[in-house]
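Me: I have a structure open and want to learn how to read it. Can you take me through a few features, one at a time?

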Amino acid sequence: MPTSACSPYNRYSRTRLTGALATVCSLLVLTGCGAADMTKQASPFANAQGAKTVTLSVQSWVGAQANVAVAQYLLEHELGYRVDTVQVDEVPAWDALSQGRVDAIMEDWGHPDQEQRYVKDKKTIARGGDLGVTGHIGWFVPTYFAEQHPDVTDWKNLNKYADDLRTAESGGKGQLLDGSPSYVTNDKALVNNLDLDYQVVFAGSEAAQITQIRQFAKERKPFLTYWYTPQWLFEKVPMTEVKLPPYKEGCDADPEKVACAYPHTPLQKYLNADFARNGGEAAALLKNFKWTTEDQNQVSLMIADQKLTPEEAAKKWVDSHESTWRAWLP
C-alpha cells in the first residue's frame, strides 16, 4: 500500500534530467531503492531549478494513492512532466512541504496546528483548494451485526457488547480496531472519556486493518473499528456507523478531553508556496484537480481490490472521464 521512490507510481517521463539533477539520479541508482522517508532525506526532484519535474507526497491510505495516481498520470502524459512520489506520514509531510522537499499534498484531513504555522505564520505553504471529497472518521460495526443488535449503533450501549467484541489482543476488554498510530485519531481519549470498557488495538496500517476486517466478515464475527469515508471497502464489507456524542465546533480542541464524534471534513490540497507561485502548468493542474467521492472510490477499488497498478488504474479512469479532467488542464 505505501509507495516508495521505486514503486509503480514512479516512472520516467519524456522529460530528460540534466546536470546536477542527473547526477543525483545516478547516485540513487547506485544506492538502491527502499521506502522513501522524507524525514531523513529529500527528494532530488522537488524544487529542481530548470527541470520539468514535480514531487508529490503520497499518504499510506489508498484514497490518497488514487489522487496521486491520476494527478501523476495527467502530469506526465498530458503535460510532459517527470513526477516523483514519496511516502510521508501526515505531520512530517507538512514539514517536507514547507521546506520544498515535496511540492504538493493532495489529500489532507485537517491539521490546524500545521496550517497555522506554515500557511498563516510562515507562509511557506499555500492552500491548493478543495479536493472535492468530504472525509469522515467514525466507529463502525459490520451491518450484519447491527441488524441483529440495532442498539449497538448508539455508543451508550457499547459496553453491553464488550464481551462479544473481545479479542486475544484487547486484554479482557472489547476491541476497538484502529489502523496506523500515525493517523488522525481521538480513540484512546474517547474510550477513556466516555468510560467505555474497550481497548484500542492498532493493526499497524490500512492494509493490515482491511485484512483483519475482511477476515472478521468472512467468519461473520462482530467487530468494532475505526474507519473512514470515502473508502472502497464499504462495497465489499457493508458497515454501519456507531453514533458518538454529536460533534460541535471546538469539542476536539483538547486532545485529552475529547468526548465527541469526528467532524465531516472537506479534504484539502496544499502546495509549497514557491511551487504554487512558480510551478507553471503543474501547479495549475494540481490546483484545478477536483473530483468526487465516487471518482476516488473507483480508482481506489481498482488499486486495492482489483490489483491494478496505480498507473493502470489511473489510465482506466482517465480514459473514461475525459470531460472531468480536461477542465483541470491549464
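Me: Is L165 buried or exposed?

Reply: Start with the ground rules. This is a predicted model: local features need pLDDT of at least 70, side-chain atom pairs count only at pLDDT 80 or more, and totals for chains, interfaces and linings use all residues. Residues are numbered from 1 along each chain as its sequence is written, and side-chain values use heavy atoms, with hydrogens and water left out. Now the term: buried means under 20% relative accessible area, exposed over 50%, and partly exposed in between (1.4 Å probe, protein chains only). L165 has a relative accessible area of 2%, so it is buried.

Me: Where does L165 sit, and what does L165 contact?

Reply: Helices are DSSP runs of H or I with at least four residues, strands are E runs of at least two, and both are numbered from the N terminus. L165 lies in the loop between helix 5 (143-148) and strand 5 (174-178). Contact means heavy atoms within 4.5 Å. Setting aside neighbours within four places in sequence, L165 contacts G174, Q175, Y198, P222, F223 and L224. L224 is 59 residues away along the chain, yet the two C-alpha atoms are 7.0 Å apart.

Me: How do I read a nonpolar core, and which residues touch the most other members of the largest one?

Reply: In soluble globular proteins, nonpolar side chains tend to be buried together. A nonpolar core is a set of buried Ala, Val, Leu, Ile, Met, Phe, Trp, Tyr and Cys residues joined through side-chain atoms within 4.5 Å. The largest here has 86 residues, and V70, L75, W139, L286 and W291 touch the most other members. Helix 2 gives the most to this core, 10 residues. A separate core of 12 residues includes V86, A93, I105 and I125.

Me: At what angle do helix 2 and helix 10 cross?

Reply: Axes are lines fitted to C-alpha atoms, for helices over the stretch in contact, and angles run from 0 to 180 degrees between N-to-C directions. Under 35 degrees is roughly parallel, over 145 roughly antiparallel, 65 to 115 roughly perpendicular, and the rest oblique. Helix 2 (residues 62-77) and helix 10 (residues 293-304) have axes that come within 8 Å and cross at roughly 100°. The pair is therefore roughly perpendicular.

Me: Which residues meet there?

Reply: V62, G63, Q65, A66, N67 and V70 of helix 2 meet Q296, V299, S300, I303 and A304 of helix 10.
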